[in-house]
Amino acid sequence: MTSLIDRAVEFAAKAHQGQFRKGTDIPYISHPCAVGMILLAAGCGPEIVAAGILHDTLEDTDATYSDLVEQFGQNVADIVMGCSEPDKSLSWEERKEHTVQYLKTASQPVRMVACADKLHNVRSTLRAMQSCDSTLVWNRFKRGKEQQEWYYRQLIESLGHESAFPLLTLLEQEVELLFGARAESSKTSKLKSEPVREAEMEPETEAPLGEGLDGKSGE
């Protein structure tokens, strides 16, 4: 099954050839590969890891759903499809609102990949701010800090709507580092008492439903 991951890396590298992370000279393939590594560290199986590596191919390259089914199987293709925005012609607000609502009832594999994707985006932004003025960093995005904060905090609630999982707690911790803690705790903040590290996560296990949980770097 490792060959599935190897083939996903090769496919994504070719599909994203010539693309770069927004506002940088970093090859774009670094992002999907990092997403795959996050999922691997979280104990996910080869299909979910491969889907993480391929997660932007339908949205940002010429690859098709049929291509993914043929080369990686329907399970992987369906996860990638679930992580792709359906209509890029819509406004940023409409697209992000669709994502927020969709992820509330998305499958666990889709939520895992989406969470790993956002986790790497947040970490990349934090890293950029260590060597660059924060205003310049936020200017890379289609919307500013306030809208980005709204989006990421909504994503945390949507990803945890059905059930919580350790990778989501990691995302919440990084979002708090990026935007600062809110006076009013988010729903998922009650799920943790101490910071979670990737090495401490149980492979492919979901955290219990917590109290109160009823529910590219250029986004």
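Mentor: A pocket, on a 1 Å grid over the protein atoms alone, is an open set of points where a 1.4 Å probe fits, with protein on both sides within 12 Å along at least five of seven lines. This is a predicted model, in which local features need pLDDT of at least 70, side-chain atom pairs count only at pLDDT 80 or more, and totals for linings use all residues. Residues are numbered from 1 along the chain, and side-chain values use heavy atoms, without hydrogens or water.

Trainee: How much space lies in the second largest pocket?

Mentor: Rolling a probe the size of a water molecule over the atoms shows where empty space is left. The second largest pocket holds about 220 Å³. Its lining has 14 residues, and Arg21, Thr24, Ile26, Ser124 and Arg127 are the closest to its centre; a lining residue has an atom within 4 Å of a point.

Trainee: Which helix gives the largest share of that lining?

Mentor: Helix 8 (residues 108-129) does, with five residues; helices are DSSP runs of H or I, at least four residues, numbered from the N terminus. The lining divides into four nonpolar, six polar and four charged residues.

Trainee: Where is serine 84, and what does its side chain reach?

Mentor: Serine 84 sits in the loop between helix 6 (74-82) and helix 7 (92-102). Its side chain reaches the backbone oxygen of valine 80 at 2.7 Å.

Methods
Points joined across faces, edges and corners; volume = space filled by probe spheres on them. Helix = DSSP H or I, 4+ residues; strand = E, 2+ residues; numbered from the N terminus. Nonpolar A, V, L, I, M, F, W, Y, C, P; charged D, E, K, R; others polar. Polar contact = N/O pair within 3.5 Å; in protein donor to acceptor, adjacent residues only side chain to side chain.
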